[in-house]
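Here is a short report on one protein model. Look at the sequence and the fold, then read on.

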Amino acid sequence: MELEYVVGIDVGGTNTVFGIVDARGTIIGSDSIKTRAYGTEVKDYLDALAISITQLIETYNVKGKIRGVGIGAPNGNYYTGRIEFAANLPWKHSIAICKELEQRIGIPVLLTNDAKATAIGEMTYGAAKGMKNFMLITLGTGIGSGIVVNSKVVYGHDGLAGELGHFVIRRNGRPCGCGRKGCLETYCSANGLARTARELLETRSDSSLLRNTAIEEITSQTVCQAALAGDKLAKEVFDITGRILGETLADFVTFSSPEAIILFGGLAQAGDLLMRPVKKAFNENLMRVYKNTKLLFSQLSGADAAILGASALGWEVTRKQRE
């Protein structure tokens, strides 16, 4: 039986990474291009991406064996195949990326939101393998999410469902880049955690290792390092962030009764600093009928997760062709 492969592409604000993946979830080869190297001219970017993918396919001698291409991108719309006005990408309009890339490489392409792609990756290769109902929460610069119900990603009527990072947890709270106030993202993302640290430093006089850093330069990594060194204020920042996140995740459970909520991303790598207060608040606020819902960390390697998540969508191309 001839081996089959897919290509996974993750379009990020800085880099676009892509790789060839086999049916076992092994990345046999990968490469990247700079997303912003082509300015606002999306045609030049797509030309460069197509050339690089073609070269990778030729290098690994899998021409004719690629069954589909999956793309994960900010504001990627599964239904339309378009990236819709993504704030952190160079092109401030709607991009028909599936159509344009298919025309260049001659392989069917599917697109979804980057967090939804990661959820598909977890279901195919990671912690959610075998699960039919779960939520994936990405804790990075912002907060993304993918909701899976009965083994299908929830897209809604327009492809934009499941933006749990913009679930309002504090009415008239912190301003958010989406235009609303009090979104979960403004409190529990990496930026949100750093924002909490700066607020505490400005309103209190506690001694803290964080005061050794200019307040505008404090990041989630700065806070994490201080907390690991035993700094009380930094630990409190994680406690506050974890409590808000745990309370909100308990509310999310009532929507789809997931078997598990899986945490992914840079902030999740803080481990027990974050997970201890998250679990405590989650268990205290969870309705008793949902007592079996688990909180888990992603099993996808950070370096490979973006490619694997997008590549899992590539196999969906194959399934659609067979239906």
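Which residue of β2 is the bridge partner of Val7? The partner is Ile20.

## About the model

This is a predicted model, where local features need pLDDT of at least 70, side-chain atom pairs count only at pLDDT 80 or more, and totals for chains, interfaces and linings use all residues. Residues are numbered from 1 along each chain as its sequence is written, and side-chain values use heavy atoms, with hydrogens and water left out.

Helices (H or I, at least four residues) and strands (E, at least two) are DSSP runs, numbered from the N terminus. Two strands pair if DSSP finds at least two bridges between them. Strands of a sheet pair through backbone hydrogen bonds, either parallel or antiparallel.

Now take strand β1 (residues 5-11). Seven bridges join β1 to strand β2 (residues 15-22), and the two run antiparallel. They form a hairpin with three residues between them. Strand β4 (residues 66-73) is joined to β1 by six bridges, and this pair runs parallel. Here Gly8 stands opposite Gly70 in β4. Five bridges then join β4 to β8, again in parallel. In β8, Thr112 is the bridge partner of Gly72.

## Why β1 is enclosed

Buried means under 20% relative accessible area, exposed means over 50%, and partly exposed lies in between (1.4 Å probe, protein chains only). Why is β1 described as largely enclosed by the rest of the structure? Because seven of its seven residues are buried. Tyr5, Val7, Ile9 and Val11 point one way from β1. Val6, Gly8 and Asp10 point the other way.

## Helices on this sheet

Angles come from axes: lines fitted to C-alpha atoms, for helices over the stretch in contact, with angles from 0 to 180 degrees between N-to-C directions. Contact means heavy atoms within 4.5 Å.

## Another sheet

Another open sheet of five strands has the order β11-β10-β9-β12-β13, with mixed pairing. The edge strands here are β11 and β13 (294-297), each pairing on one side only. Two bridges join strand β10 (residues 143-149) to β11, and these run antiparallel. Val148 has Val153 in β11 as its bridge partner. Helix α8 lies across β9 (134-139), β12 (260-264) and β13, running at about 165° to β13.

Helix α6 (residues 220-228) has a set of buried residues: Ser220, Thr222, Val223, Cys224, Ala226 and Ala227. They pack against α5 (190-203), α7 and α8 (272-285). Just after α6, Gly230 takes a positive phi of about 95°.

## Aromatic rings

Rings of Phe, Tyr and Trp (its six-membered ring) pair if their centres lie within 6.5 Å; planes under 30 degrees apart count as stacked, over 60 as edge-to-face and the rest as tilted. The structure holds six aromatic pairs. One of them joins Phe167 and Phe252: the ring centres are 5.1 Å apart and the planes are at 90°, so the pair is edge-to-face. Phe167 lies in the loop between β11 (152-153) and α4 (185-188), and Phe252 in helix α7 (residues 232-256), so the pair ties together parts that are 85 residues apart in sequence. Phe167 is partly exposed, at 36% relative accessibility. Phe252 is buried, at 4%.

Thr248 is found in helix α7 too, and is buried with a relative accessible area of 5%. Leaving out residues up to four places away in sequence, Thr248 touches Phe167, Ile169 and Leu184. Elsewhere, ring pairs link Tyr38, Tyr45 and Trp91 into a cluster.

## Cysteines

A disulfide is a covalent bond between the sulfur atoms of two cysteines. Cys176 is buried, with a relative accessible area of 11%. Cys98 is also buried, at 7%.
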